[in-house]
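Me: Could you walk me through reading a few features of a protein model? I'd like the general idea and then the case at hand.

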Amino acid sequence: MPSAFEKYAKASVPRYTSYPTAPHFSTHFPAATYREWLTRLDPDEPISLYLHVPFCKQMCWYCGCNMKLAARYSPVAIYVRHLLEEIDLIVAALPDRMPVSHLHFGGGTPTVLEPGDLAAVMAHLSTRFQLLPNAEIAIESDPRTLTDTMIGQIGALHFNRASFGVQEFDPKVQAAINRIQPPEMVAHAVGGLRTAGVPNINFDLIYGLPHQTATALCRTVEQVVAMKPDRIALFGYAHVPWVAKNQRMINDDTLPTASERAEQAQAAAATLVSSGYTRIGIDHFALPDDSLAIAATAGCLHRNFQGYTSDTARTLIGIGATAIGRTPHGYVQNASETGAWSRAVAAGKLPVARGHALREQDQLRSHVIERIMCDGSVDLSAAGRALGVEDDWYVEEIPELNQLQKDRLLTYADGKLSLTPEGIPLARVVAAVFDTYLRDSTVRHSVAV
């Protein structure tokens, strides 16, 4: 008889960085609707900005992101020009010069930009928006291609958080995923950024990679802890070669089994916690004085398309190809193909490809799913009452909740749900109970652990 963990660990479920999740956004979504949503924003309420730069200088075989190889800089320069133009299209629809509490450059590799182009984008944003004095300004980077000149520019532009994809230091694993970066290379980048005045550093680690073992991953964790990053994300490798063609370079036979993945995740998490990091949600860890740990303790942790966040803004404006945004009214996603995105922007059109207007049930279930993912608990009845919905709004889900309780993933009584220690790593499985879009969906997702 398999354990409850083994029973659910291979379940195909979304990561729940939104609800509904992006595959359920409609392609029949007019850009005019998004423009109207922007005009209706409260001009005094801070917003967040996400800028997507899809270019990388090297291809990583594990990557599932929307990216393009930058063999030459000219396509990147053209992209930057259209990025500035899209910013102006968005600003034209806003009710005022909006205050910004969070600004995040993601990708791809945003530091593929020339330092002067990064400065130009920041200058453009600074004149179109009000960057609040305590705003978090973050950028993702690749230590293999990050230059000392760019490190200096990042510091000069007052970025206060930088993120690196470390993944794994084991040489055999690095070779298998086509990402060679010894610890010394990462340490040099981290030291340079801290010297340049960037106080907060994030690392991403991945378990479930080809040839990976729990022993090797824990050795990587120890090397990472020595560099004292403020936050560490520990993601499970999502092998989706039917979506990411580059993943076809990874031989399925080299991937760890479900039980080996679980062993890696549990061993790495235990090493991080014993090293002084606070566990946050299903896959994040932070030093106790980091804003993410503080938000988790205060019960005001959130999730967005970058994962767990302390960002409390209700509006996130996505800029760039494939960027996803949200407002209190719904979600939007830009065209994923850079050519289509560029043509729309050049024609003076908001480059929206898909979207979803939130209904009352979406808002209710979004709240419940987010609290399960962030807090590991939720008062289902109170969540319904807050939106004027009957206490028994989730009656159809009760049989599944009872089964999960029988399998010791959660406790449920009097309308209140709490994950057990065994259930926390499987929070996505519990959250999926409330996902009405998933029930009849044929979309394939990564495994739960």
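Reply: Happy to! Keep in mind that this is a predicted model. Let's begin with a pair of facing residues: Ala 413 stands opposite Lys 416, which belongs to strand 19.

Me: How many bridges join strand 18 to strand 19, and do they run parallel or antiparallel?

Reply: The general idea is that strands of a sheet pair through backbone hydrogen bonds, in either a parallel or an antiparallel fashion. Here, strand 18 and strand 19 (residues 416-419) run antiparallel and are joined by four bridges.

Me: What is the order of the strands in this open sheet?

Reply: Reading across, the three strands come in the order 17-19-18, with antiparallel pairing. Strand 17 (377-379) and strand 18 (410-413) are the edge strands, each pairing on one side only. On average, neighbouring strands are turned by 5 degrees against each other, ignoring direction.

Me: Which strands does helix 12 touch?

Reply: Helix 12 (residues 360-375) packs on the sheet and touches strand 17 and strand 19. The direction of helix 12 makes about 145 degrees with that of strand 17. Helix 14 (residues 398-406) also packs on the sheet, in this case touching strand 18 and strand 19, and its direction makes about 130 degrees with that of strand 18.

Me: Is Glu 397 buried or exposed?

Reply: Glu 397 counts as buried because its relative accessibility is 1%, and Arg 365, at 6%, is buried as well. For another case, take Arg 314 and Glu 45, whose salt bridge spans 2.9 Å, N to O. This pair links distant parts of the chain, 269 residues apart. Arg 314 is partly exposed at 48%, and Glu 45 is partly exposed at 23%.

Me: And how many disulfides does the structure hold?

Reply: The structure holds zero disulfides. For Cys 65, the nearest cysteine sulfur is that of Cys 63, 3.8 Å away, whereas the cut-off for a disulfide is 2.5 Å.

How values were computed
Residues are numbered from 1 along each chain as its sequence is written. This is a predicted model: local features need pLDDT of at least 70, side-chain atom pairs count only at pLDDT 80 or more; totals for chains, interfaces and linings use all residues. Side-chain values use heavy atoms; hydrogens and water are left out. Two strands pair if DSSP finds at least two bridges between them. Helices (H or I, at least four residues) and strands (E, at least two) are DSSP runs, numbered from the N terminus. Axes are lines fitted to C-alpha atoms, for helices over the stretch in contact, and angles run from 0 to 180 degrees between N-to-C directions. Contact means heavy atoms within 4.5 Å. A salt bridge is a side-chain nitrogen of Lys or Arg within 4 Å of a carboxyl oxygen of Asp or Glu. Buried means under 20% relative accessible area, exposed over 50%, partly exposed in between (1.4 Å probe, protein chains only).
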